[in-house]
Amino acid sequence: REAEARKARTEQELEAYAQPTATRPTDNQIEALHKAVGEAREAAESADAEWQNQRDLVAEVRGRINVLEPQIDRFGAAGAEDGYPGGGVRSGSCLVLSTLQCPLTSEQREAALAEARGDLASLREKEAAIADEVAKALQTRTEADARAREAAEAAQAADRAESAWAGYEQRRRDLERASRYRRGR
């Protein structure tokens, strides 16, 4: 009776396994999903490199601003503090704005100051534009990272489905063998 009950349970379970419990993705689907993971990771790495590059550019421009701004302030105040008539500056290399040769007349000084302020304004505009690019690059990087995660999850799901399919097939073969064995008894 026990053998008959086991045989009946085996046949009943085999009957349940007549319809697959898992769907096996094709080899092409699995390959495509793993290829998509690689491509998504490459895109994420590229987006990260671009973001880093934009960050470096904005840091460089900010550094130039941080050097130029105090020089302009010192240069603007130098003539009056030193007591030179007409705001002139000492002769030789300018102590506060190294790109100039002194002495300067009052007009030359004002022109140099206006040019330096124009350069600073240009750098600030460039900084703002690059900062926008940094934000866009960060957004692109974030989206690329998300796509890479999604692709990896899809590939893992396909791998799990393939594994589940293999488990289903193995269990079905085991049940068929057990059923044949029990029929022979």
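**A quick tour of the model**

The structure holds one aromatic pair (rings of Phe, Tyr and Trp, the last by its six-membered ring, pair if their centres lie within 6.5 Å). The partners are W165 and Y168, with 5.2 Å centre to centre and 40 degrees between the planes, which makes the pair tilted (under 30 degrees counts as stacked, over 60 as edge-to-face, and the rest as tilted). This is a predicted model, where local features need pLDDT of at least 70 and side-chain atom pairs count only at pLDDT 80 or more, while totals for chains, interfaces and linings use all residues. Residues are numbered from 1 along each chain as its sequence is written, and side-chain values use heavy atoms, with hydrogens and water left out.

**The overall layout**

- The chain has three helices and two strands (DSSP runs numbered from the N terminus: H or I of at least four residues for helices, E of at least two for strands).
- Going along the sequence, the pattern reads α-α-β-β-α.
- The chain has 185 residues, and 27% of them count as buried (buried is under 20% relative accessible area, exposed is over 50%, and partly exposed is in between, with a 1.4 Å probe and protein chains only).
- Take the contacts between residues at least 6 apart in sequence: 78% of these join residues at least 24 apart (a contact means heavy atoms within 4.5 Å).
- The accessible surface comes to about 12300 Å², and carbon and sulfur atoms account for 48% of that (Shrake-Rupley method with a 1.4 Å probe; for residues, only the protein chains shown count as cover).

- The chain's mean pLDDT is 84, and 83% of its residues reach 70 or more (pLDDT is the predictor's confidence in each residue, from 0 to 100).
- Residues 80-91 have pLDDT below 50, and this stretch has 20 contacts in the model beyond near neighbours in sequence.

**Back to the aromatic pair**

- W165 and Y168 both lie in helix α3 (residues 106-184), three residues apart, or about one turn of the helix.
- W165 counts as buried because its relative accessibility is 18%.
- Y168 is buried too, with a relative accessible area of 5%.

**Charges over W51**

- R55 has its charged end over the ring of W51, 4.5 Å from the ring's centre (the test is NZ of Lys or CZ of Arg within 6 Å of the ring centre and within 35 degrees of the ring normal).
- R141 also lies over the face of W51, at 4.2 Å from the ring centre.

**Spots along helix α2**

- A49 sits in helix α2 (residues 27-82), and its 44% relative accessibility makes A49 partly exposed.
- A49 and R141 are 92 residues apart in sequence, yet their C-alpha atoms are 8.9 Å apart in space.
- Q54 is in helix α2 as well, and Q54 counts as buried at 10% relative accessibility.
- The side chains of Q54 and E50 make a polar contact at 2.7 Å (a pair of N or O atoms within 3.5 Å; within protein, one must be able to donate a hydrogen and the other to accept it, and residues adjacent in sequence count only if both atoms are side-chain atoms).
- Leaving aside residues up to four places away in sequence, Q54 touches I130, E133, V134 and A137.

**A spot on helix α3**

- A151 is in helix α3, and A151 counts as buried at 14% relative accessibility.
- A151 and L33 are 118 residues apart in sequence and 6.9 Å apart in space, C-alpha to C-alpha.
- Not counting residues up to four places away in sequence, A151 touches A36, V37 and A40.
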